[in-house]
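Have the 3D view ready as you read.

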Amino acid sequence: MKMLTSVLLAALPLLVMAKAPCVDDSKDEGGGAGDRVSSYDPNDIIGPEGKGAQRYVSRGERLAYTIDFENVSNATASAQMIRVTLPEDPNLDWSTLQLDTIAMGHDSDSNLVGKRPSAVALESTGLTSDNGYLVKTSVTDEGGKLVWVMRVWDDTTEDNFPDDALAGILPPNNPDTHCGEGYVKYSVCVKEDAQQNAVITAKGTIVFDTNEPIDTDPWWTNTVGLDIVVEPFADDIGYMGYYDGESHGIDVIVREPAEGTTVKYCETEDGEYTTTPVAYRDVGTNTVYFTVEKQGYVPHNGFAYVIIKSVDDSEIAMEPGEISQVFANETAATNVAAHAHVAFPADLADSVSQEDRDRYTALFRIVTKSVSGGWQNSVEFTPDAEQELRQSLDNALKTFDLSRITIEDTNWVVPNPVKGLYYALERTEDLASGFNVNAYREATSVSVTFTVNESGNAAGRAFYRLLISACPPVE
């Protein structure tokens, strides 16, 4: 190897790879070591930013790293061999390791991207130095440490190193062109069973030629945190209603952990978050940003819209069985109900006359009800419709020969007097076991119950329900 060693001081890099001459003839900084020639590298490692001041990351999350190195501008020789060593942190699952791009000066090598090294070295010749020499790369997992070795290759010499000490894989750097900078990249996942608050440390060591090893400065650390689970907002809407003169915000519901979290809010994503909730009163669409924090957990960042509509908005169509979002107060819910109308189901509209549609929608009304956490609007049968439909079921029973009903007769249906309604006959041998009432939406079904002494039924008596519903049965 045709080089001598010296120790020089320099600053850190980083990496814009623009093709340009590397030598800066306007400067004569000297080698700092008499007439000896030498390469020299400051370096650093950059990992995932994570979340929060402790750079929290989740179990199972893939972490991407870049180890940067530079042959300083006042070095007196090109680096002809570079060795990068990375200790394997025990909190990471090294079976998930994937190599990424390797770069030297103005050239990069993607031949090993996505591959995982083992005790048998992965090799590539995808790099060429600025002065035309082939660069041979090998990456090995040596059990507890990962090692990259990049070296210049000259077929014309005995040891395959060029005779010219300035002919190498990484020349002295030109800060304007960055031709003396390089990097290796890789990614690896956090162990699924990593301990909460465990610190993941990434620290590389780089050796240029025969110089002393230099650790990346600073090291890169992340902290393992558990995930915070927040109830999602439907369509990212935290509140939607009509103007009622009151202020409205969002309600962040934390599912896990159940206690001890702090919720902070902000009107802008990159602003200062505080525990004071953000609320709006005027008509418009606004975005509330929030973060949920707890020591030992990955901070959860999110946003939700606060939508306040004018009371003179156009009408809202609601189909039978449909339930609105939950509103913060009764006024907001009734304001919406006042601008809503019952609509015929869209999937049946093409096959039904206008007369049938009118008859159908006249059976329903929009009702505002108190629910857990607020108020809701729903489309239900009117009291008159319930009475009329129940009478139709009673009349239908008179057309059946109940003495001839068998176990197989549960697919009977009543002739449909109103298009859009669903009819079904349900059966159970024990009234205490109940019927399949959960298969129909509340307040949009009417039924009558009766008993039959079935032929062929060892238990003798069975219970039936004849039902009309605005919603199709759940399979």
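Over the ring of which residue does the charged end of K136 sit? The ring belongs to W153, and the charged end of K136 sits 3.7 Å from its centre. A charge counts as sitting over a ring if NZ of Lys or CZ of Arg is within 6 Å of the ring centre and within 35 degrees of the ring normal.

Before going on, a word about the source: this is a predicted model, where local features need pLDDT of at least 70, side-chain atom pairs count only at pLDDT 80 or more, and totals for chains, interfaces and linings use all residues. Residues are numbered from 1 along each chain as its sequence is written, and side-chain values use heavy atoms, with hydrogens and water left out.

**R55 and its surroundings**

R55 also has its charged end over a ring, that of W220, 3.6 Å from the centre. You can find R55 in the loop between β1 (43-46) and β2 (56-58). Strands such as these are DSSP runs (E, at least two residues), numbered from the N terminus. With a relative accessible area of 23%, R55 is partly exposed; that label covers the range between buried (under 20%) and exposed (over 50%), using a 1.4 Å probe and protein chains only.

The backbone of R55 is worth a look too: its phi is positive, about 55°, although R55 is not a glycine. Most residues other than glycine have a negative phi. N160 is another non-glycine residue with a positive phi, near 65°. This residue sits in the loop between β9 (145-153) and β10 (181-190), and at 16% relative accessible area N160 is buried.

**Aromatic pairs**

The structure holds eleven aromatic pairs. Rings of Phe, Tyr and Trp (its six-membered ring) pair if their centres lie within 6.5 Å; planes under 30 degrees apart count as stacked, over 60 as edge-to-face and the rest as tilted. Here are two of the pairs:

| Pair | Centre to centre | Angle between planes | Type |
|---|---|---|---|
| F69 and F208 | 6.3 Å | 80° | edge-to-face |
| Y289 and F303 | 6.3 Å | 45° | tilted |

What does the pair of F69 and F208 tie together? F69 lies in strand β3 (residues 62-70) and F208 in strand β12 (residues 205-208), so the pair ties together parts that are 139 residues apart in sequence. Both of these residues are buried.

Y289 belongs to strand β19 (residues 284-293) and F303 to strand β21 (residues 300-309), 14 residues apart. F303 is partly exposed, with a relative accessible area of 31%. Elsewhere, ring pairs link Y65, W94, W148 and Y186 into a cluster.

**Two cis peptide bonds**

Most peptide bonds are trans. The bond from D217 to P218, however, is cis, with omega near 0°; P218 is in the loop between β13 and β14 (220-227). A cis peptide bond also joins E256 and P257, with omega about 0°, and P257 lies in the loop between β17 (254-256) and β18 (262-266).

How values were computed. Helix = DSSP H or I, 4+ residues; strand = E, 2+ residues; numbered from the N terminus.
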